[in-house]
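Keep the viewer open as you read.

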Amino acid sequence: TFLTFYKDPVWTWVDGELFLQEHWFTPAMAAARRRAGVPVGRRFATKVELGWRMIQRVQARGLPFEAVTCDDLYGRSGWLRRQMDEARILYMAEVPATTQVYLTQPDFGVPAPRPNRRKRGAARPKVLSAEPPVEVRTVARRDDTRFRSFLIRYTERGELRDQFAMRQVWTIRDGALAEEWLVIRQHSDGRYSYALSNAPADTPHERLVWLKCVRYFVERTNQDAKSEAGWDELQAQKY
């Protein structure tokens, strides 16, 4: 699903893709594909690949948008983050707590060939420095990670505020070294969530917080739509 924010403000669904599991494209499922109306030329694609196709279609149609925000199913894909960065698309991508980052820029490159070793094709670049990466959940509990309170939005019960920390980190994104923002949110119930962003180094922290939290309205819109659509308005085929 891809949604965007309009001026009024209005949240609306502008593009979508139906994900079909890989076994649907086996010869044994040919009859089922015809019954379900799956286009003949359709080929298997992962959810991440479908997401990138939707972003490209939205761009091609000229629909303006500020950024792409996504949950950790998409955010953990270094390939997708690299595609968006190379297309100069600003992203704020949720990532799992076990995501590994470097707190200082590592030495990254192709290792020098060992003497008297048979050549086996071009060597791949990798981290050459000794400092190991750390998980983002470890970064959140470091003494040098500073949290501040930020206003998220106004609710019926008043202001919603949480603690946030922002750090510039380095990641290995789809086989290449990348500098990204790590945005950590400490929720009111004590849990943490994490996101990586390719926002410029001088981005104000308030904007990083807004990008980290704005996806709430997308999720809320989906929830409201599901509640408003009754069974008399729904047609579905189980597979």
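Predicted model: local features only at pLDDT ≥ 70, side-chain atom pairs only at ≥ 80, totals over all residues.

Residues are numbered from 1 along each chain as its sequence is written, and side-chain values use heavy atoms, with hydrogens and water left out.

**Overall make-up**

The protein has seven helices and 12 strands; these are DSSP runs numbered from the N terminus, with helices being H or I of at least four residues and strands being E of at least two. Of its 239 residues, 34% are buried. Buried here means under 20% relative accessible area, exposed means over 50%, and partly exposed is in between, using a 1.4 Å probe and protein chains only. The accessible surface comes to about 15,800 Å², and 48% of that belongs to carbon and sulfur atoms; these areas come from the Shrake-Rupley method with a 1.4 Å probe, and for residues only the protein chains shown count as cover. Among contacts in the protein with a separation of 6 or more, 55% are between residues 24 or more positions apart. A contact means heavy atoms within 4.5 Å.

In what order do the six strands of the open sheet run? The order is 3-4-12-11-10-9, with mixed pairing. Strand 3 (68-70) and strand 9 (148-155) are the edges, each pairing on one side only. From one strand to the next, the twist averages 30 degrees. Two strands pair if DSSP finds at least two bridges between them.

| Strands | Bridges | Opposite residues |
|---|---|---|
| Strand 9 and strand 10 | seven bridges | Serine 149 and glutamine 163 |
| Strand 10 and strand 11 | 11 bridges | Phenylalanine 164 and arginine 185 |
| Strand 11 and strand 12 | six bridges | Valine 183 and alanine 195 |
| Strand 4 and strand 12 | four bridges | Valine 95 and tyrosine 194 |

Strand 12 is largely enclosed by the rest of the structure, because five of its six residues are buried.

Two hairpins are worth a look. Strand 10 and strand 11 have two residues between them, and aspartate 174 in this hairpin takes a positive phi near 55 degrees. At 35% relative accessibility, aspartate 174 counts as partly exposed. Strand 11 and strand 12 form a hairpin with five residues between the strands, and glycine 190 in that turn has a positive phi of about 95 degrees.

**Helices and loops**

Helix 4 (residues 78-86) lies across strand 3, strand 4 (91-95), strand 10 (residues 158-173), strand 11 (176-186) and strand 12 (192-197), running at about 95 degrees to strand 10. Axes are lines fitted to C-alpha atoms, for helices over the stretch in contact, and angles run from 0 to 180 degrees between N-to-C directions. The loop between helix 4 and strand 4 holds arginine 88. This arginine 88 is not a glycine, yet its phi is positive at about 60 degrees. Most residues other than glycine have a negative phi. Is arginine 88 buried or exposed? It counts as exposed, at 81% relative accessibility.

Helix 2 (residues 47-60) has 14 residues that should span 20 Å at 1.5 Å a residue, and its end C-alpha atoms are 20 Å apart, which agrees. The expected span is 1.5 Å times one less than the number of residues. Buried residues in helix 2 are Val48, Leu50, Gly51, Trp52, Met54, Ile55 and Val58. After helix 2 comes glycine 62, with a positive phi near 80 degrees.

**The cores**

A nonpolar core is a set of buried Ala, Val, Leu, Ile, Met, Phe, Trp, Tyr and Cys residues joined through side-chain atoms within 4.5 Å. The largest one has 15 residues, of which Met92, Phe164, Met166, Trp181, Val183, Leu208 and Val209 touch the most other members. Strand 9, strand 10, strand 11 and helix 6 (205-213) each give two or more residues to this core, and helix 6 gives the largest share, four residues.

Leaving aside residues up to four places away in sequence, leucine 208 touches Met92, Met166, Trp181, Val183, Ala199 and Thr203. A second, separate core has 12 residues, including Val101, Val136, Val139 and Ala165.
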